[in-house]
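This briefing covers the aromatic side chains and how they pair. Please look at the sequence and structure below before reading on.

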Amino acid sequence: MPKQDTTQLKVYYDAACPLCRRERHRYESWQKTAEGVIWLDVNTHHEHLLARGIVPRDAILSLHVEDASGQFHNGIDAYVLLMSRVPRLRPLGWLIGLPILKPILTCLYEFLVRRRLARDGRL
């Protein structure tokens, strides 16, 4: 069994989104320890994101994860990285990262996020 990565990840998520909050809580309940993952609301961390070259609107449109080296991963790549931390989600993370599925899932994800934000009057 591979050793679990304990390096710190900063997950920038939309805390104004009820689904996003539920997914965060689900992830935390599946992860044996919450150490190594810090959850940050994109709606309150604009300055840090801007300083790193990320437009806050883009961060609302797609999950962003900052790894321990300061590199940002977004969209499906961010989900793959986050899922790699939870044993029961690793196979799903591997699957969604496959080159054949990733572009399809990226388009679907972007469509659903834009639809949710438009419905909520935030886009």
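Is Tyr27 buried or exposed? Tyr27 is buried, at a relative accessible area of 5%. The model is a predicted one, and four aromatic pairs are found in the structure. Two of them are described here.

**Tyr12 and Phe72**

- The rings of Tyr12 and Phe72 make a tilted pair, with 5.7 Å from centre to centre and 35° between the planes.
- Tyr12 belongs to strand E1 (residues 9-13) and Phe72 to strand E4 (residues 72-74), so this pair ties together parts 60 residues apart in sequence.
- Tyr12 has a relative accessible area of 1% and is buried.
- Phe72 also counts as buried, because its relative accessibility of 18% is under the 20% cut-off.

**Tyr27 and Trp39**

- The Tyr27 and Trp39 ring centres are 5.5 Å apart.
- Their planes stand at 65°, so the pair is edge-to-face, given that angles over 60 degrees are classed that way.
- Tyr27 sits in helix H1 (residues 18-30) and Trp39 in strand E2 (residues 37-41); the pair therefore ties together parts that are 12 residues apart in sequence.
- Trp39 counts as buried, with a relative accessibility of 14%.

Definitions and conventions: Residues numbered from 1 in each chain as written. Predicted model: local features only at pLDDT ≥ 70, side-chain atom pairs only at ≥ 80, totals over all residues. Heavy atoms only, no water. Phe/Tyr/Trp six-rings, centres within 6.5 Å; stacked < 30°, edge-to-face > 60°. Helix = DSSP H or I, 4+ residues; strand = E, 2+ residues; numbered from the N terminus. Buried < 20%, exposed > 50% of the residue type's maximum accessible area, 1.4 Å probe, protein only.
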